Amino acid sequence: MKCPNCGKEVNENSKFCTECGGALVQKNIEAGESNGENEMLEQNNQNYSTLPPRKKLSRGWKITISVICAVVVLAIIGTVFSDESIDIVKNGKSDVYNSKTCGEAFESFFDDAEWDCESINDKYDRVIFTGRCQYMEEDVEAVIEFRVNTEEEKFYIDSLTLDGEPQTDLILAALLEKIYE
């Protein structure tokens, strides 16, 4: 039997076409008459037969949609894990300066405090703190990088730059004293 809408060959017992979804009319051949259900289906086919057949997505579109979905999922996962590493640093306390959390100390000392994170590998993330402060009577931008062991939930300060210039461990220690005063 052929579909009256799209002409595709369909199973004799089907009520709808698998290609276009149109209702199929089945007449009672032995009695030579149609039942009420078949007449209703025939009317519906005549009234709604203008729907075009559904087109399948090309391989290129399927790949594009898959890539977009993967990027969105990775962005969500990356945001969740980077927030965890930032929280490890902000809620952590130093062995030497344990009166305040790192977040409390840094956000009260620096202006325009910002926290960011990037993954180094499966075990480590880099948390980057940026803020403005006074150094030698000058307003400077301080960037302090923390290395976070995500498995053990521990961190240490990796480096300090002031206005883009790398600083020594002695300058970092002096700045930490001032931050935690």
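Reading from the N terminus, the elements of the protein chain go α-α-α-β-β-β-β-β-α. That comes to four helices and five strands. Keep in mind that this is a predicted model. Of the 181 residues in the protein chain, 26% are buried.

**Whole-chain numbers**

- The protein chain has an accessible surface of about 12900 Å², and carbon and sulfur atoms account for 51% of that.
- Take the contacts between residues at least 6 apart in sequence: 29% of them join residues at least 24 apart.

**Helix 4 and what it packs on**

- Helix 4 covers residues 169–179, and its buried residues are Leu-172, Leu-175, Leu-176 and Ile-179.
- Looking down the axis of helix 4, those buried residues fall within an arc of 100 degrees, so they line one face of the helix.
- The general rule behind this kind of pattern is that an α-helix has 3.6 residues a turn, so residues three or four places apart point the same way.
- What do the buried residues of helix 4 pack against? Their partners are helix 3 (102–109), strand 3 (138–149) and strand 4 (154–162).

- In helix 3, the buried residues are Cys-102, Gly-103, Ala-105 and Phe-106.
- These residues cover an arc of only 165 degrees around the axis, which puts them on the same side of helix 3.
- Thr-101 sits in the loop between helix 2 and helix 3, and at 15% relative accessibility it counts as buried, because the cut-off for buried is under 20%.
- Leaving out residues up to four places away in sequence, Thr-101 touches Lys-90, Asn-91, Gly-92, Lys-93 and Tyr-180.

- Leu-57, Trp-61 and Ile-65 together make a nonpolar surface patch of about 330 Å².
- Leu-57 belongs to the loop between helix 1 (36–48) and helix 2 (59–91).

**Cysteines**

- How many disulfides does the structure hold? The count is zero.
- Cys-20 is partly exposed, with a relative accessible area of 22%, whereas Cys-133 counts as buried at 5% relative accessibility.

**Strand 2 and Gln-134**

- Gln-134 lies in strand 2, which spans residues 124–135.
- Is Gln-134 buried or exposed? Its relative accessible area is 53%, so Gln-134 is exposed.
- Gln-134 and Phe-109 are 25 residues apart along the chain, and 9.8 Å separates their C-alpha atoms.

**Positive phi without glycine**

- Glu-137 is not a glycine, yet it has a positive phi of about 60 degrees.
- You'll find Glu-137 in the loop between strand 2 and strand 3, where it counts as exposed at 79% relative accessibility.
- Asp-163 is not a glycine either, and its phi is positive at about 50 degrees.
- Asp-163 is placed in the loop between strand 4 and strand 5 (165–166), and it is partly exposed, with a relative accessible area of 47%.

Methods:
Residues numbered from 1 in each chain as written. Predicted model: local features only at pLDDT ≥ 70, side-chain atom pairs only at ≥ 80, totals over all residues. Heavy atoms only, no water. Patch = residues over 30% accessible without salt bridge, like charges linked within 9 Å, V, L, I, M, F, W, Y side chains within 5 Å. Areas by Shrake-Rupley, 256 points an atom, 1.4 Å probe, with all protein chains shown as cover. Salt bridge = Lys/Arg side-chain N within 4 Å of Asp/Glu carboxyl O. Helix = DSSP H or I, 4+ residues; strand = E, 2+ residues; numbered from the N terminus. Buried < 20%, exposed > 50% of the residue type's maximum accessible area, 1.4 Å probe, protein only. Contact = heavy atoms within 4.5 Å. Arc of directions from axis to C-beta. Disulfide = S-S within 2.5 Å.
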